[in-house]
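Hi,

Here is the structure I said I would pass on.

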Amino acid sequence: MTGNQKFASRALITGCLLLCLLQSAIAQNAGDVDVAVVVHPDTPVSNLTLAEVRKVFLGDRQYWSTNIPVVLLIRAPVARERNVVLKVIYQMSESQFKQYWIAKIFRAESATAPKVVYSNDMANELVTAIPGAIAFIDARDVRPGSKVVRVDGRLPKEPGYQLR
Amino acid sequence: MYSRLLLIFALASGTALAQATSSPAEQESVQSLIDRIQQLEKRISELEDRQRKQDAVQTANLQTPTPGQESQDNATSAPAPHSEHAASSTAIREAEMHYPSLQIRGFADVDFSATNQKGSVSGFNLGQFVLHLASPLSKKVGYFGELSFTARPAGYDVQVERTIIRYDYNDYFKISFGKYHTPLGYWNTAFHHGAWLQTTISRPQMVQFGGTFIPVHFVGLQAEGNLPSGGLGLGYSVGLGNGRSSILSRAGDSGDINDNRAWVASVFARPTRFYGLQLGGSVYGDKLTPQPGNNFNELITAADVVWTKERPEFLSEFANVHHRDLRTSQIFNSQAFYIQLAYRLPWLENKWKPYYRFEYIHRPLNEPVWDVSGVSSVEDLVGSTVGVRYDITNYAAFKGEYRNQRTGVDEPRVNGAFFQTAFTF
């Protein structure tokens with residue numbers, strides 16, 4: 001092997017290692033972002049346990065109070081917020097999630113499936129406009145003044161917060 | 001920061017590679033594509049601007065205050081609509097629920113079966129074609145319906161399987177009227193018509209459509225809801241209505257067979273600590289009149305334990321059917337249960353789900369209700385089913401099953417191979 005070839009192979013290995021490090025750093029960075037549970041300002045809740053959030057998103061709890069039905073908002077597939085919801089709350093794959101809601105509606109247990117939102121901006125808009133709405137929004141994108149619900153007594157970015 | 005670095009690295013290497021390898025003709029075509037993209041982007045932004053302006057005008061028109069409203073609006077100091085808000089108001093209007101809002105979903109399946117049972121014929125058959133309808137009528141009222149089309153030698157048999165109108169007061173009290181799948185045990189209310197919904201090809205024999213072991217349908221009213229129970233996650237349902245008709249497998253859609261109403265009560269628990277676990281118990285009572293002057297009291301008790309996750313999925317259910325002849329006071333008890341285990345394999349894109357089910361039915365030798373028509377409608381059964389489900393897409397599946405079962409006393413075991421493609425659309 002000539003000197004130039006040695007140099008080229010070392011440069012290639014170093015480049016690959018650098019790429020791997022960068023990718024893991026990006027993944028870690030993305031994984032640290034908390035997802036906030038945001039509700040309509042008039043919703044009479046400020047603290048829910050993770051089990052209660054699950055009950056709401058499974059459609060087992062459908063009313064905040066007698067006159068305020070729960071309106072579920074969930075990001076469209078591939079969004080990180082949706083992945084967090086599927087992994088932590090539903091503990092389902094994408095296809096299991098779809099099957100779950102088809103079965104839920106046609107068992108006559110729920111009238112509608114969660115509404116799909118396509119961006120955090122849209123989620124912010126709808127959650128403040130629709131009474132009873134609840135959404136998961138990247139904590140960095142939550143608009144000032146929005147009603148963020150504590151989960152097991154913790155807000156996003158606090159130690160022990162589970163929705164990330 | 002890191003992602004930008006990576007992007008720059010990727011772009012730089014990509015550009016360098018492209019420059020080193022592409023010919024002038026290719027560069028030209030790439031440039032023309034870039035120009036075309038820029039033109040399209042410009043066109044999109046023009047269209048978006050136009051849409052925003054139109055929405056702003058509409059919103060301004062909608063929000064023009066009447067003289068009485070003006071002072072109130074000023075008091076709440078609502079911000080004037082600007083173009084960004086106007087655009088989002090369209091999304092809000094779209095997201096708001098409109099009533100009625102009918103959703104229709106179809107289910108169908110195509111089957112192949114071959115068994116070594118004497119007199120049986122192998123071949124294809126169409127499964128049920130099923131339409132499920134759901135329509136919220138207001139914030140608190142909803143309608144659900146289910147129609148089935150079953151292939152018969154002389155055509156299709158159309159049935160209204162469920163038709164329910166429900167009023168929700170809150171989570172603790174919902175009342176509905178109509179025709180249901182009787183809330184007795186687990187399977188009968190978890191899996192309706194539409195084979196795609198269930199893991200296996202067939203239902204367990206004890207809850208078979210057209211079977212008589214339990215009353216599959218119930219016509220009347222039902223109250224249901226959650227019970228305040230904290231982490232226990234208790235729920236209930238109670239119902240009153242027409243029980244079985246003179247044909248035991250059918251409900252009294254057009255009226256009850258006697259003056260005695262059937263009743264059903266069930267309780268279940270979904271403990272929050274064990275997400276996926278459900279425990280349930282149910283009781284059903286009725287007076288049967290399978291023939292004029294021939295009356296029986298019926299009391300069915302059932303219990304179920306299920307783990308609804310797919311790794312593993314575990315379903316088990318037991319029911320005892322108690323009949324008392326009102327003339328002779330003779331008592332007859334029949335029992336049935338099944339245990340089903342399935343597991344969604346984590347490889348090959350999670351598409352494979354092998355499963356196994358054992359089922360058992362026992363009936364007294366002389367049971368006048370089961371034999372009322374002269375042909376036994378419930379028979380002893382011991383059977384095993386092993387199979388696999390392959391989900392082709394999120395909405396279609398292939399299933400293959402091998403069954404080995406003995407039906408009736410001293411009868412030979414029957415082996416069979418069954419295949420199905422089931423889907424929803």
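**Tyr172 of chain B**

B:Tyr172 sits in the loop between S5 and strand S6 (173-181) of chain B. Bear in mind that this is a predicted model. Leaving out residues up to four places away in sequence, B:Tyr172 touches B:Gly225 and B:Asn226. As for B:Thr301, it lies 129 residues from B:Tyr172 in sequence and 24 Å away in space, C-alpha to C-alpha.

**Where the chains meet**

The contact draws 35 residues from chain B and 30 residues from chain A. On the chain B side, the elements giving at least two residues each include helix H1 (2-21), helix H4 (83-95) and strand S5 (155-170). That side of chain B splits into 15 nonpolar, 13 polar and seven charged residues.

**The sheet in chain A**

Chain A has an open sheet of six strands, ordered S2-S8-S1-S7-S5-S6, with mixed pairing. Strands S2 (47-48) and S6 (115-117) of chain A are at the edges with a single partner strand each, so one side of each has no neighbour in the sheet. Strand S5 (residues 71-75) and strand S7 (residues 133-138) of chain A run parallel, joined by two bridges; A:Val71 has A:Ala133 as its bridge partner in S7(A).

Helix H3 (residues 80-90) of chain A packs on the sheet, touching S1, S5 and S7 of chain A, at about 115° to S7(A). Helix H5 (residues 120-129) of chain A lies across S1, S5, S6 and S7 of chain A, at about 150° to S7(A).

Cheers

Methods:
Residues are numbered from 1 along each chain as its sequence is written. Chains are lettered from A and ligands numbered from 1 in the order in which they are written. This is a predicted model: local features need pLDDT of at least 70, side-chain atom pairs count only at pLDDT 80 or more; totals for chains, interfaces and linings use all residues. Two strands pair if DSSP finds at least two bridges between them. Helices (H or I, at least four residues) and strands (E, at least two) are DSSP runs, numbered from the N terminus. Two residues are in contact if their C-beta atoms, placed from the backbone, lie within 7 Å. Axes are lines fitted to C-alpha atoms, for helices over the stretch in contact, and angles run from 0 to 180 degrees between N-to-C directions. Ala, Val, Leu, Ile, Met, Phe, Trp, Tyr, Cys and Pro count as nonpolar, Asp, Glu, Lys and Arg as charged, and the others, Gly among them, as polar.
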